[in-house]
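Hi,

Here's the structure I promised to pass on.

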Amino acid sequence: MNDNILTDLLYKYINDPDDFTNNLNLALHYDGIEQTASAVSYYLRSSERTDEDILKYQCLLRAGILFGKQGCRNFTVKGLFQHALTIQPTRPEGYFLLSRFYEKEENYHDAYLIASIGEKVSEQNSEPLILNVEYPGFYGILFEKAVASWWVGLCHESRSLLEDLYENYDLDGIHMQAVKNNLQRLSETSKGLHLVYLPKKYRDFDWGVAAENEWFHKRVAEEVFIDNVYQKFFKVEEGDIVFDVGASVGPFTHLIKDQKPGKIYCFEPHSQLYQTLTRNVSDENVVCVNQAIGPVTGEFECAGLFNKDLLGSSERENRQTIPVIKFNDFVKQNNITQIDFLKTDCEGGEYDIFNDENMDWISENVSKIAGEWHLSSPELKIKFRKFRDTYLREFPNFEIYSVDYVDMKWAIWDDWFIDKYQEVNLYIDNREKSRDKWRVTKWPTLEFTTSIPEKGCVVDCAFCPQRTLEKSYTGQRMMTLDNFKSVVDKLPKEIRVTFAGFTEPWLNKNCTDMLLYADEKGHPISVFTTGIGMKVEDVYRLKDVPYAGNPNGGFVLHLPDQERIAKHPVTSNYIKVLEAFREVCGEIQNFYTMSMGPVLDDVKHIFPQASVPEFWSRAGNLMGEAMLKPELYNLKDQFKSIYHGESPKTCGCLEDLYHNIVLPNGDVSLCCMDYGLKHILGNIYEQSYEEVIPKTKTCFNLCRFCENGVNP
Ligand code: SF4
Ligand code: SF4
């Protein structure tokens with residue numbers, strides 16, 4: 001029966017393939033029998049063959065949904081939903097689907113943005129669509145906004161949206177259950193409880209002189225008793241040794257006493273606050289210290305809330321000379337060997353704890369850290385930057401929130417973050433000291449040299465130290481597909497897999513299969529290729545992989561140049577490969593072309609232009625190479641070189657030291673500069689990835705000759 005229908009539909013289609021109805025009927029038929037690839041293709045054809053925007057709109061949405069079900073074309077899915085929205089910007093379905101897409105990607109900021117726009121601009125009671133686009137009704141947009149707002153830290157908004165959905169909308173079963181679950185989840189955090197619900201013991205807390213400073217009193221009461229801000233990610237546990245630095249009158253210690261910590265050390269230098277503190281928290285397991293943690297042991301001028309009429313604790317009048325003790329002096333004098341929970345709220349004094357001197361001790365002996373970090377003056381911004389670039393690299397399991405509870409971890413490495421923020425809340429979980437060395441960078445990368453022929457790379461670019469490589473490498477020449485897979489199977493999926501290395505990757509005939517395997521395993525992928533060694537069919541197999549962007553990412557096609565600095569064998573097959581690239585390059589994510597000079601006349605009709613990079617000495621390797629290659633000797637004025645001197649240098653690349661190169665025999669070389677294979681880090685066929693990669697900031701001789709070398 002189905003066959004008859006399909007035959008009939010195909011017959012009509014063949015007679016008039018540009019007819020919208022013929023395409024849509026086939027799309028619906030394939031959709032109905034779950035042949036999604038065919039259905040998508042006919043939905044897209046339908047959308048291109050109708051003048052009616054409303055039909056275009058729903059065909060694009062339905063195609064996006066089906067692509068999404070295939071699970072590996074997220075870039076396309078997003079593009080289809082966005083395209084649909086540009087056609088019908090006042091319809092709600094596109095906003096719902098795009099926000100849901102971002103939510104599934106855990107991109108909550110964009111999910112929130114799209115749901116918020118959808119809520120404002122779309123028509124709530126628009127006519128239903130003909131196609132099923134999984135739109136549950138306008139409440140779908142509100143639901144997505146509720147979920148996203150929770151994840152971006154807008155908990156009050158999330159709660160009120162969920163309550164509104166629960167009380168005022170006729171939800172389907174799935175959404176109703178999800179709303180109930182989320183409301184339950186929100187009620188399990190103390191965040192957002194109104195003061196009226198505070199237990200009596202918090203309402204009756206003795207604020208002493210702190211109550212005279214209304215701003216301070218209100219703020220600390222909210223932070224500690226309402227938002228429980230210091231225990232947002234982890235809690236004080238029974239038996240914990242706790243440091244309450246900047247204890248003021250003791251609200252945090254008061255809050256956690258029921259959690260049965262083993263011992264609490266409270267530090268408060270302000271004499272009047274200290275008196276109230278001792279009254280509020282007196283207990284045999286609480287030690288009150290009338291000192292601040294400072295840069296010296298003795299006396300020091302520190303910031304604090306010494307003047308109740310001033311809000312800014314770092315204002316001049318709020319600075320006083322007070323008794324201070326160095327963190328490590330206190331630890332030694334009191335025989336403290338571990339701190340389970342370190343809470344800080346000490347107006348910039350945190351940088352006297354988290355300094356170079358204490359780093360190793362803290363790394364080894366402090367488990368949970370939560371506190372305020374201050375950036376309100378140029379001096380504090382400098383200190384924060386230093387702290388970020390040292391501690392936060394060493395302690396990768398951290399969360400950072402603005403004081404109004406917006407997750408800001410995504411922006412922490414940007415300079416504007418330091419310029420903009422005055423104060424942030426930071427949480428470091430050091431319970432399981434992470435072995436993931438590569439987490440110091442957002443772009444950890446492992447590059448593959450898929451083959452090293454005896455005579456080096458066939459393209460033999462003048463500026464590439466192939467003779468140096470030939471002399472240094474004697475191992476297995478061709479990486480097998482199985483060996484490649486065994487390496488990929490060992491890698492955390494955050495590691496970007498790059499096909500570039502010391503030779504043209506497609507000199508290995510399995511390179512396309514390798515690439516598709518790494519993509520299937522969920523790795524970001526990037527490619528740097530001349531296309532030499534490829535077949536036309538490779539181009540079509542590769543085109544849909546979502547290639548990662550910068551740094552050093554994308555799909556880069558290296559074209560031959562007129563001067564023949566790169567000596568691509570320009571055969572008829574090669575021309576066909578380039579033509580195939582020309583045909584599909586608009587579909588390849590992050591596609592670029594480059595060349596070592598103006599593009600060779602023979603291929604100019606296909607790609608007329610390409611960017612030309614600066615040439616560097618490959619960390620000094622081209623100097624030695626010039627001795628072996630007369631052609632390069634004549635070009636020696638066309639590449640730059642640098643020598644940093646004798647002082648040790650490490651890698652200043654955004655990928656840090658985690659842009660290493662796997663050779664066909666499994667050896668892992670430091671980086672794409674190491675053609676002399678001077679720094680082999682280990683063998684990944686025999687060792688784990690973590691065992692092979694270096695510790696961040698390790699210095700290598702090669703870095704002294706590299707434009708990317710920096711001080712450790
Ligand atoms: S630059 Fe690339 S294509 Fe040129 S010789 Fe080196 S590895 Fe081969
Ligand atoms: S030589 Fe050193 S600085 Fe240069 S890219 Fe390699 S690791 Fe980085």
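The buried residues of helix 18 are covered by, among others, helix 16 (350–353), helix 17 (359–365), strand 8 (366–374) and helix 19 (415–420). Covering here goes by contact, meaning C-beta atoms, placed from the backbone, within 7 Å. Helices (H or I, at least four residues) and strands (E, at least two) are DSSP runs, numbered from the N terminus.

Before going on: this is a predicted model, where local features need pLDDT of at least 70 and side-chain atom pairs count only at 80 or more, while totals for chains, interfaces and linings use all residues. Residues are numbered from 1 along each chain as its sequence is written, with chains lettered from A and ligands numbered from 1 in the order written.

The buried ones in helix 18 are Leu-380, Lys-383, Phe-384 and Tyr-391; buried means 20 or more other C-beta atoms within 10 Å of a residue's own, exposed 12 or fewer, and partly exposed in between. Helix 18 also has a kink of about 30°, centred on Arg-388 (the angle between axes fitted to the seven residues ending there and the seven starting there).

Now the ligands. Around ligand 1 you'll find residues including Cys-457, Asp-460, Phe-502 and Glu-504, where near means a C-beta atom, placed from the backbone, within 6 Å. Ligand 2 has 13 residues around it, and Cys-651, Cys-671, Cys-703, Cys-706 and Asn-708 come nearest.

Finally, Thr-36 sits in helix 3 (residues 36–48) and touches Leu-66, Lys-69 and Gln-70, leaving out residues up to four places away in sequence.

Cheers

Definitions and conventions
Contact = placed C-beta atoms within 7 Å.
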